[in-house]
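Here's a quick tour of a structure for anyone who likes to know the cut-offs behind the numbers. Have a look at it first, then read on.

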Number of protein chains: 2
Amino acid sequence: MSTAEALNAQLEREAPAVAAALSPLGRRAFYPPDIPFQAAQARGKTYNATIGQITDGNGRILALPTITAVLDRLNDADRNRALLYSPIEGLAELRERWQRWQTPAAESLPSGALPAASVPIVTCGLAHALALTADVFAGPGRKVFIPAPFWGNYRQIYGIRTGAEVVAVPCFPERRFDPLALARAIASLPSGTPAMALLNIPANPTGYSPTTAERGALVASLFEEAERRPIVVVCDDAYAGLVYEDGIPTTSLFWELAGRSGNLIPLLVTGSTKELVFFGGRVGFLTLPWASDSPVTSALEGKIKGLIRAGIGSPPALSQMVLLQALRKDDIREEIAVVVAVMKERCRVLRAELERAEREHGAFRVLPFNSGVFALVELPEGIDADTLRRHLLEHEDVGLVSIGERYLRVAFCSLEAEAVPELVKRLVRGVGVVGGVGVAQ
Amino acid sequence: MSTAEALNAQLEREAPAVAAALSPLGRRAFYPPDIPFQAAQARGKTYNATIGQITDGNGRILALPTITAVLDRLNDADRNRALLYSPIEGLAELRERWQRWQTPAAESLPSGALPAASVPIVTCGLAHALALTADVFAGPGRKVFIPAPFWGNYRQIYGIRTGAEVVAVPCFPERRFDPLALARAIASLPSGTPAMALLNIPANPTGYSPTTAERGALVASLFEEAERRPIVVVCDDAYAGLVYEDGIPTTSLFWELAGRSGNLIPLLVTGSTKELVFFGGRVGFLTLPWASDSPVTSALEGKIKGLIRAGIGSPPALSQMVLLQALRKDDIREEIAVVVAVMKERCRVLRAELERAEREHGAFRVLPFNSGVFALVELPEGIDADTLRRHLLEHEDVGLVSIGERYLRVAFCSLEAEAVPELVKRLVRGVGVVGGVGVAQ
């Protein structure tokens with residue numbers, strides 16, 4: 001009973017809002033009872049000839065000596081697991097350790113109580129976890145509301161891939177975060193129509209994390225709107241932990257959204273890419289707002305595992321095993337703190353320099369930033385962002401990213417603090433030249 | 001000019017059959033001129049603040065010491081590249097080395113001439129390369145013809161994910177490979193209707209590679225059928241190099257299909273998973289049948305890179321870097337030869353034992369196998385494959401995989417040669433018990 005029909009029936013029974021929010025692909029998807037399923041049943045048998053992995057007959061891979069030698073810092077058992085297929089849902093130890101890693105203390109939540117959540121499923125990087133939420137819940141006819149300015153790849157992940165309509169919701173009118181803009185935009189849909197929304201905190205490209213008051217308003221507005229329809233809220237916590245201002249909450253909004261309304265379905269997307277500075281590993285995680293033994297989780301996990309297998313086979317075991325070495329270390333948070341301190345200093349210097357340039361030259365306006373790895377400047381009208389970007393490349397030896405027609409993004413994660421003043425100076429000069437107006441030098 | 005419309009126009013001009021064969025998603029897909037595109041333009045700038053990677057400001061990752069320590073067998077430059085993002089299309093050195101790795105000598109081809117092919121794009125394992133071919137060319141209304149019996153995941157990759165119709169083409173009538181069955185099945189489509197087909201040689205689950213004569217007939221029949229329509233042929237060469245019988249060709253059919261007809265579009269899918277016994281790494285490759293500087297390749301690569309970014313962000317750099325260590329070694333083919341010799345001996349013993357059991361007990365019929373990592377037995381009528389599989393699990397301590405209602409698959413890649421006689425004995429006994437008929441013990 002693991003066909004798509006059975007899973008859909010299970011969801012309709014146990015979580016009607018989830019069933020209503022499924023995309024056409026989400027409805028079709030299931031985890032077929034074929035090879036990985038049969039292999040799981042055969043685990044531990046003396047004569048196990050189920051899986052196409054080249055081993056010695058006792059579960060030890062016949063690896064090439066050259067590859068083994070590269071990984072000799074792993075012990076034998078770990079190296080073997082690193083070289084064999086990962087389970088489709090990820091290595092069990094990694095899933096459990098990441099669950100502990102990402103779950104906040106109940107006391108840190110406004111409610112003081114921790115909602116249920118599944119053991120995270122491992123994905124091939126954070127983008128893959130997002131793509132899976134798109135597969136299951138986005139699709140033709142679905143609107144996906146995203147606070148703007150946003151990461152351009154969201155348009156590809158949710159719009160191009162699935163055929164859903166991405167709705168950009170301007171959330172920084174007058175350069176201040178408007179926590180009610182998202183729910184207001186969703187409210188334009190007819191009552192009863194399911195919606196999807198993205199929350200990326202800390203945000204790319206703005207580098208902004210809302211204050212406690214803003215979070216409260218945002219959460220309340222979403223619950224209010226969820227009285228009228230199912231809303232799937234993807235919490236993209238790619239930059240979790242990278243918050244540099246005292247008093248700004250650092251726990252994921254997922255924990256404030258989960259378990260409180262059948263109609264509000266938060267999905268938590270996290271990863272080691274930024275949190276553990278492991279960009280090349282591609283280890284992401286997808287967490288559902290029900291316990292792992294709940295029938296809703298089991299039905300959705302069946303669909304997600306089917307989609308993982310059909311999309312990438314299984315996530316990389318090698319990266320998972322390297323990440324495990326870090327998560328097993330008691331003092332790994334201290335290693336991370338060293339990196340966060342560097343980022344915090346860069347953020348401080350960049351903010352000071354940008355705000356000074358804005359004050360003294362009026363060359364641009366700085367959007368508020370207090371976290372993440374980026375800052376965003378809004379250009380004066382009449383200056384096209386991409387024109388300025390190309391000017392900076394050609395004449396100022398400076399590489400920035402243009403976002404839409406009005407914004408330039410500065411990635412302070414790849415910039416020394418010492419280089420910031422000169423970069424800002426060149427940016428100001430570029431604005432003056434391209435704008436052709438009297439920007440004070 | 002990298003919008004989907006521009007890419008589609010380019011394909012319509014340069015390769016009308018390719019344009020006609022695109023899926024709806026294939027038509028929508030493109031590589032947007034946003035962050036990775038802008039970051040590529042900013043490479044080498046003194047003040048490069050384009051990409052969200054946490055570095056020291058000079059391109060060196062601020063990695064956690066624990067993760068660095070695990071990878072200390074890599075030199076500094078390699079380790080840095082292993083921990084940073086891979087380019088979306090994969091590391092340049094790996095792409096070039098894999099191109100040399102997989103390209104046969106012209107003399108080994110029937111034509112004696114090597115057709116053009118692109119530098120391979122790196123994917124997250126071989127299944128991801130297949131999924132990309134599905135994204136670009138499969139979709140609602142498209143039929144995908146696959147020689148049966150076949151790997152069950154094809155149904156998920158091509159059917160469930162995209163909405164295409166998977167057509168199973170029985171290719172072993174009377175337990176002999178019929179090289180004309182595939183083209184015959186495609187011919188049932190109206191003239192002019194694009195088709196998609198899969199060739200998995202050596203095959204999962206049959207372990208079969210066609211003879212020279214069979215290949216000749218297969219290739220000729222596909223070209224004949226391609227006179228009536230565009231045909232996209234995915235060559236899934238997952239088990240390349242694992243051929244154990246003298247006289248059986250080992251070069252990919254891709255090289256015999258490429259460059260000879262505008263209507264026949266072969267796509268080559270390869271990977272290090274089996275070829276370099278690197279299951280946990282997830283490094284696959286997708287190769288197109290035009291040179292890298294051709295406008296067709298550039299348009300299709302744009303679409304494929306957009307889909308990779310939207311699906312997984314980028315492929316794992318760590319796995320690519322470990323694989324590179326192997327490809328850089330002059331004698332790596334000798335390390336592989338050791339594994340192939342082990343597999344060849346297992347194949348020989350298993351074939352002898354299964355054929356003897358068939359002869360002496362008539363318990364089942366063995367499909368021909370000479371390659372890959374699997375063998376397939378066809379059960380007598382009246383015995384359901386999955387019932388027998390479960391009986392073997394419960395009563396014989398034996399794990400096999402059931403394929404459809406009539407086949408059991410034996411993975412000799414995960415079975416010692418010494419264990420084969422006992423496994424076959426238990427299989428024969430199981431058939432006798434489940435069949436309830438007089439199978440001679």
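What follows goes from the interface to salt bridges, then to strands and a few individual residues.

## Ground rules

This is a predicted model, where local features need pLDDT of at least 70 and side-chain atom pairs count only at pLDDT 80 or more, while totals for chains, interfaces and linings use all residues. Residues are numbered from 1 along each chain as its sequence is written, chains are lettered from A and ligands numbered from 1 in the order in which they are written, and side-chain values use heavy atoms, with hydrogens and water left out.

## Where the chains meet

Let's start with the contact between the two chains (contact means heavy atoms within 4.5 Å). Chain A puts in 111 residues and chain B puts in 111 residues. Between them they bury about 9,100 Å², and 60% of that is on carbon and sulfur atoms. Buried area here is the accessible area (1.4 Å probe) that two parts lose on being put together, summed over both. Which three residues supply more of chain B's buried area than any other three? They are B:Tyr47, B:Ile54 and B:Phe279, with 9% of the area that chain B buries against chain A.

On the polar side, 52 residue pairs are in polar contact between chain B and chain A, both residues being at pLDDT 80 or more. A polar contact is a pair of N or O atoms within 3.5 Å; within protein, one must be able to donate a hydrogen and the other to accept it, and residues adjacent in sequence count only if both atoms are side-chain atoms. Helix 16 (residues 332–361) of chain B gives the most to the side of chain B that touches chain A, with seven residues. Helices (H or I, at least four residues) and strands (E, at least two) are DSSP runs, numbered from the N terminus. Sorted by class, that side of chain B has 61 nonpolar, 30 polar and 20 charged residues. For the classes, Ala, Val, Leu, Ile, Met, Phe, Trp, Tyr, Cys and Pro count as nonpolar, Asp, Glu, Lys and Arg as charged, and the others, Gly among them, as polar.

## Salt bridges

A salt bridge is a side-chain nitrogen of Lys or Arg within 4 Å of a carboxyl oxygen of Asp or Glu. One salt bridge joins A:Asp72 to B:Arg73, at 2.9 Å from N to O.

Within chain B, B:Glu358 and B:Arg175 meet at 3.1 Å, N to O. This pair links distant parts of the chain, 183 residues apart: B:Glu358 sits in helix 16, and B:Arg175 in the loop between strand 4 (165–170) and helix 10 (181–186) of chain B. B:Glu422 and B:Arg426 form a salt bridge too, at 2.8 Å from N to O. Both lie in helix 18 (residues 420–435) of chain B, four residues apart, about one turn of the helix. Buried or exposed? Buried means under 20% relative accessible area, exposed over 50%, and partly exposed in between (1.4 Å probe, protein chains only). B:Arg426 counts as buried at 18%, whereas B:Glu422 is partly exposed at 24%.

## Strands

Two strands pair if DSSP finds at least two bridges between them. Strand 1 (residues 47–48) of chain A pairs with strand 11 (residues 398–399) of chain B in the parallel sense, over two bridges. There, A:Tyr47 stands opposite B:Val398.

Chain A also has an open sheet of four strands in the order 9-10-13-12, with antiparallel pairing. Its edge strands are strand 9 (365–366) and strand 12 (401–403), each pairing on one side only. Strand 10 (residues 374–378) and strand 13 (residues 407–411) of chain A are joined by five bridges, and A:Leu376 stands opposite A:Arg409.

A:Thr66, in helix 5 (residues 65–70) of chain A, is buried, with a relative accessible area of 11%. Its side chain makes a polar contact with the side chain of B:Glu335 at 2.6 Å. B:Glu335 is itself buried, at 12%, and forms a salt bridge with B:Lys329, the closest N and O atoms being 3.9 Å apart.

Helix 9 (residues 153–160) of chain B has seven of its eight residues buried, so it is largely enclosed by the rest of the structure. B:Pro110, by contrast, is exposed at 66%.
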